[in-house]
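Take a look at the sequence and the structure below. Then read on for a short tour of some of its parts.

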Amino acid sequence: MTLSGFDFAQPWALLLLPLAALPLLRRRGDSLVFPTLAWLPDDRLGRLMGFVGRALAVLAIASTVLALAGPGTPETTVMRTGRGAEIMILMDRSRSMDAKMKPSDWRSIDPHSLLHQMDSRGQPKSEAARDLLSAFVERRPDDRFALMFFSAGPMHVVPFTQHDAVVQAGIRAGGMGRGLSDTHVGRALVAAIETFEQRAYTGSRIILLVTDGGAHLDEPTRKRIREGLKANRVALHWLYLRTLNAPELGAEASAPPPAAEGDSMEAIEARNVYHAQESVPEVSLHRFFMSLPVTYRLYQADNPDDLAKAVAEVGRQQNFPLDFDERIPRQDHSRAVFAVAALCCALLLIHRSLLLRSWL
Amino acid sequence: MTHVDTVQEFHYRLPQRSASARPGAHPGSSLGSGQEFVSHMSLYDRPDPRRLDLRASLRSTTGDWLVRVNRQRVGVTVQALVDVSASMDFGAQRRKLDLAADFVESLAHSAFRVGDALGLRAFDHAERIDLTVPATLSRGLAGVMADSLRRCDTAPGGIEGLEDVVQQMGGRESLVFIVSDFHWPLDRLGVVLDLLAHAFVVPVVLWDRAETEPPRSDAIAALRDAETAARRTLLLRPRLRSQWRDAVATRRGELDALFTAHDVRPFWMTGHFDADAMSDYFLEAAA
């Protein structure tokens, strides 16, 4: 049964509605006999009280019946247009993220005291990343975000949602306690890709990997990542938080494999250099990402300023309109109607307790 | 059924003479054996040598033998007219009808003591023939009358019932009690009192305490009129209570004024029947 945005779960219960007329029937028991009303004053307030009592009784029965019928607004789908993307934030929760970053003015610091300065003035990487991500989420109200932490394994925190408050809370929750022991990028990426499966493609998809270290991935994992990203058309952005003395993923690391063929010493030397670099986890991961058939971007950040720039860059990259249907489930209003009934009953009890029951 | 353990009696004497032939206790208009001297008559006119007054005969200028003639005290007929309408079925502790029955029982005993005949007539919207007891001197009727009143079913009534009863009465009764709460329009009551002008009328105004005195606690009172079944809801509060009391006082004043205009003094009976108060009432009336 539907009445323009209003329906009843059990409309047959409305058949009981005529019961609401019961209090209007005058019974002998509900009033006291008095020999003559002629000499009693006509009391307007009293008349009002009598009316209120009957009205409350009618309302209590009517609203109870109505609540039993289960009124509610039916399920609807609303087409929403968002700008931007579905962004899965995949954040490293390992202990290395608790290490501090270089202060913003690191260039003016004596290199000998840089380590000391970092220790005293630097901001922990995870904290800087959290602050910026939280600002990033706040600036992009139209995007849908999901949040996943990982260390030894992936930790689902927030599924895809447009309710930013939840995402913010999730990001804040990442600051609890100390980091965990391990960094297992492969498993985390696979889990992140899996969240996109079974979802309708409504706009650009991004996995924003926020970590400070790389990993060597074995061949089955690489295969799953490659195929998963391709099948789900997910772009990968790596926010690389560089620790002091960690490898820089510059032109050298990004270079394609040397074209040197053959057994000449130079060629062997070039290949060896290339593969020696491969042993560095970050470089290995970067090269694997570059080999992926999907969009891949690397943002390196040494200090909070670089990080802010990188986050802004991600924001610029993803600004396409995005259409999606939001399903608004059926909302049951019977609780409110029951509350009205309960209120009426309570008032009726008060009314009844005020009633004169006998002349004695 | 509540019976009064010991039936209270009251003493009554009519303040006026009654025309009745039967010897009794009230001042009468018939001559006979009494204490009250009227005049002397000739022995030939009234051949009663027991009452020959020698001293008066000697003083007589006509030379007749004079006989003292006395007024005989008489027994009268008493009628109790009892309202058994629905409003009499009301009472917080005891119904007004029970009080009326108490009164009739007491009256029956008192009337028997002084040798008066007592009749009972009840009415609601018309005379209730089933409750009528013709005026008799029988002693055993007290309980019968009281019980029949206590057991009777009430019905909505009004002044029409009283009018009906008064018109049916023979005009030979000397003392008439009207037991009612007088919850009816007063303009027709005057005519009824005029019809009863030959008798000594005692209106027994029977009210319950719950009627005259509003409940002390503040409350919502949903009330239904006993006679008309009309409804009214009152919110009892100090202002309303004073209005209630004022209304009762006004009604009392109206009744008083009407009865005084007909040279009748009402007997107010609220809550219980006090036989001594009734005795006092007659003492004051006879004084």
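The model is predicted.

## Strand 5 of chain A

Strand 5 of chain A covers residues 86-92. It is mostly covered, with 7 of its 7 residues buried. Look at its two faces. On one side are A:E86, A:M88, A:L90 and A:D92, and on the other are A:I87, A:I89 and A:M91. Both faces are covered.

Strand 5 of chain A has partners. One is strand 6 of chain A, residues 144-150, which runs parallel to strand 5 and is joined to it by 7 bridges. Another is strand 8 of chain A, residues 205-211, also parallel to strand 5, with 6 bridges between them. Follow A:M91 to see both pairings. Its bridge partner in strand 6 of chain A is A:F149. In strand 8 of chain A, A:M91 stands opposite A:V210.

A probe the size of a water molecule, rolled over the atoms, shows where empty space is left. A search of the whole structure finds 2 cavities of 30 Å³ or more.

The largest cavity has a volume of about 70 Å³. Its lining comes from chain B and includes B:A108, B:F112, B:D116, B:R139 and B:M145. Helix 2 (96-114) and helix 3 (141-151) of chain B each supply at least two lining residues. By class, the lining of this cavity has 8 nonpolar, 2 polar and 2 charged residues.

The second largest cavity holds about 50 Å³ of space. Strand 5 and helix 3 (125-139) of chain A are the elements that give two or more residues to its lining.

## One arginine in chain B

Is B:R128 buried or exposed? B:R128 counts as buried because its relative accessibility is 13%, and buried means under 20%. This residue sits in strand 6 of chain B, residues 127-136. Leaving out residues up to four places away in sequence, B:R128 touches B:V84, B:A122, B:F123, B:C152, B:D153 and B:T154.

## Chain B as a whole

Chain B has 8 helices and 11 strands. Of its 287 residues, 52% count as buried. Now take the contacts in chain B between residues at least 6 apart in sequence. Of these, 75% join residues at least 24 apart. Chain B exposes about 13,300 Å², and carbon and sulfur atoms supply 51% of that area.

The largest pocket has a volume of about 690 Å³. Of the 26 residues that line it, the closest to its centre are A:P23, A:D30, A:G53, A:R54 and A:H351. Both chains take part in the lining: helix 1 (44-68) and helix 11 (334-354) of chain A, and strand 9 (220-225) and strand 10 (231-235) of chain B, each supply at least two residues. Helix 1 of chain A gives the largest share, 6 residues. By class, the lining of the largest pocket has 11 nonpolar, 6 polar and 9 charged residues.

The second largest pocket holds about 410 Å³ of space. Of the 16 residues that line it, the closest to its centre are A:W359, A:L360, B:R209, B:A210 and B:R216. The lining of this second pocket has 7 nonpolar, 4 polar and 5 charged residues.

Key:
Residues numbered from 1 in each chain as written. Chains lettered and ligands numbered in written order. Predicted model: local features only at pLDDT ≥ 70, side-chain atom pairs only at ≥ 80, totals over all residues. Heavy atoms only, no water. Buried < 20%, exposed > 50% of the residue type's maximum accessible area, 1.4 Å probe, protein only. Helix = DSSP H or I, 4+ residues; strand = E, 2+ residues; numbered from the N terminus. Pairing = 2+ DSSP bridges. 1 Å grid on protein atoms, 1.4 Å probe; cavity = no way out; pocket = protein on both sides within 12 Å on 5 of 7 lines; lining within 4 Å. Points joined across faces, edges and corners; volume = space filled by probe spheres on them. Nonpolar A, V, L, I, M, F, W, Y, C, P; charged D, E, K, R; others polar. Contact = heavy atoms within 4.5 Å. Areas by Shrake-Rupley, 256 points an atom, 1.4 Å probe, with all protein chains shown as cover.
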